[in-house]
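I opened my notebook to work through this structure one look-up at a time. Here is what I wrote down as I went.

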Amino acid sequence: GDSWGIFTFLCAALCNLPALPALNCSEELGAGQSIQQTYDLTRYLEHQLRTLAGTYLNYLGPPFNEPDFNPPRLARAERVPSATVDLDLWRGLTDNARLAANYRAYSRLLCYLRVLDGQVGTAELRHRLAHFCASLQGLVLSIGGVMSSLGYPLPAGPAGPPAPPGAPPAPNDFLKKMDDFWLLKELQTWLWRSAKDFNRLKKKVPPAVVTLRLEVRGF
Amino acid sequence: DSHIQYERVGADVTMKCGSMDWDAAVTWTANGTDIDESHLNGSYLILKNVDLSQSGQYSCYEGSSWHLKYQTTLRVGTPPKEPVLMCRSNNYPKGFYCSWHLPTPTYIPNSFNISVIHGTKDMVCEKDAVPKNRCHIRYIQLFSTVKYKVTLTVTNALGKNFTTLTFDEFAIVKPDPPESVVAKPVPNNPRRLEVSWQNPSSWPDPESFPLKFFLRYRPLILDQWQHV
């Protein structure tokens, strides 16, 4: 939008002043641009997930593929990171906290999805899952890139095995399917939330970065 | 002795003249007009296969003294059909509202009861003064994975009915239309039009939740729409 244009102009103007050391414009440009790219990625993944979830839920069979299926949340399902958050808390998140929450969530979700990938029956599903995992990996990297370019430390990665120590694997087939159902549900909800997270970041980041850089250079 | 009596359309109604004996001599009136004896069985008034036009005030008078012995208001109606319920969030992320109506009138008073369940929690849907048959709920949590289940029960003197809606938080988001849509001609350019509009005032946070607009237009002489 307009702020993007102003930002580019400022950056170009500053870079051309002969008395100043050249500002590293590409890094700031990177932050604004990769937020947009990350936003676009979440929308793309949301779209991809719709098809994947439809296929996967049909594979699980009824009642999982019924539109009104509304099971109670069992305690074991809490392992999957939840996008649900108090409204005021969400509004008040700092940029760092917002990005970190997304980074952590998708890293964990990716691990769980990869476990799934090793278990599913049909070739079509395996193919779709693999494609989705690759895109999701791209999203994690993209978020990481935004965090780095803004100077935020990356959250510690998830411990090796996807299940936290002590959490038992599903004792029966039905509960395993429930786990899969909630995994897809959380993914869907996270992608819905992330678009809003990155919208907030889009508006806030570029001007703030310009100000910060100017201060550092002694203006 | 006076009260209200609700009966179904098509029912056969027997009205007794209070505590009078069956063989007492009485006169019945409907809205002040005498009722013919052919409708009487002793002192009982028999109305067969009642219809809506027979709603009104029925009075029973003792034969000779014309004392008013009994009075009732007959309201002919139907039990409620399954109500029509819809829920929508036009002010995301603040909350959502549900509104309802009956597909066909019952002709008698109805009361509505709405319940909202989110997972294991019962939520209170606050009734709006205006319009009637509408209530609203505020979100406490956002980005919920658990569905909302809304049940609307309608009850009247002749029966009850209900309907249920189950939905995800994101499935009911639907903003109101844009406001102040104005199309102005562009000076010195007859083939151009300047269209301006505003976000709907009910949308609380367009910064974090931006709205996307689509514009289509056509000159009156053409049938085909063009899209911007």
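**Chain A, first look**

I started with burial: chain A has 219 residues, and 43% of them count as buried. I'm keeping in mind that this is a predicted model.

Next I looked up the secondary structure of chain A and found 6 helices and 1 strand. Going along the sequence, I wrote the order down as α-α-β-α-α-α-α.

Chain A exposes about 11000 Å², and 61% of that comes from carbon and sulfur atoms.

Then I looked at contacts in chain A with a separation of 6 or more: residues 24 or more positions apart make up 86% of them.

**The cores**

I had read that nonpolar side chains tend to be buried together in soluble globular proteins. Which residues have the most contacts inside the largest nonpolar core? I got Y106(A), L113(A), F132(A), L136(A), L187(A), F96(B) and I114(B), in a core of 73 residues. Helix α6 of chain A, residues 173-216, gives the most to this core, with 12 residues.

Leaving out residues up to four places away in sequence, F132(A) touches L45(A), Q48(A), L49(A), L52(A), L113(A), L187(A) and L191(A). There is also a second, separate core of 16 residues, and M20(B), Y58(B), Y70(B) and V76(B) are among them.

**Where the chains meet**

On to the interface: 23 residues of chain A are in contact with 20 residues of chain B. The two chains bury about 2000 Å² between them, with 58% of it on carbon and sulfur atoms. In chain A, the residues losing the most area to chain B are T84(A), L87(A) and W192(A), together 27% of what that side buries.

I looked for charged pairs too, and the rule finds 3 salt bridges across this interface. In a salt bridge I looked up, the side chains of R200(A) and D205(B) meet at 4.0 Å, N to O. As for chain A's side of the contact, α6(A) gives the most, with 11 residues.

**One residue in chain B**

Last stop was D128(B), in the loop between β13 (126-127) and β14 (134-138) of chain B. Is D128(B) buried or exposed? D128(B) counts as buried because its relative accessibility is 18%, and the cut-off for buried is under 20%.

Its side chain makes a polar contact of 2.5 Å with the side chain of H136(B). Not counting residues up to four places away in sequence, D128(B) touches R134(B), C135(B) and H136(B).

Definitions and conventions:
Residues are numbered from 1 along each chain as its sequence is written. Chains are lettered from A and ligands numbered from 1 in the order in which they are written. This is a predicted model: local features need pLDDT of at least 70, side-chain atom pairs count only at pLDDT 80 or more; totals for chains, interfaces and linings use all residues. Side-chain values use heavy atoms; hydrogens and water are left out. Helices (H or I, at least four residues) and strands (E, at least two) are DSSP runs, numbered from the N terminus. Buried means under 20% relative accessible area, exposed over 50%, partly exposed in between (1.4 Å probe, protein chains only). A polar contact is a pair of N or O atoms within 3.5 Å; within protein, one must be able to donate a hydrogen and the other to accept it, and residues adjacent in sequence count only if both atoms are side-chain atoms. Contact means heavy atoms within 4.5 Å. Accessible areas come from the Shrake-Rupley method with a 1.4 Å probe; for residues, only the protein chains shown count as cover. A nonpolar core is a set of buried Ala, Val, Leu, Ile, Met, Phe, Trp, Tyr and Cys residues joined through side-chain atoms within 4.5 Å. Buried area is the accessible area (1.4 Å probe) that two parts lose on being put together, summed over both.
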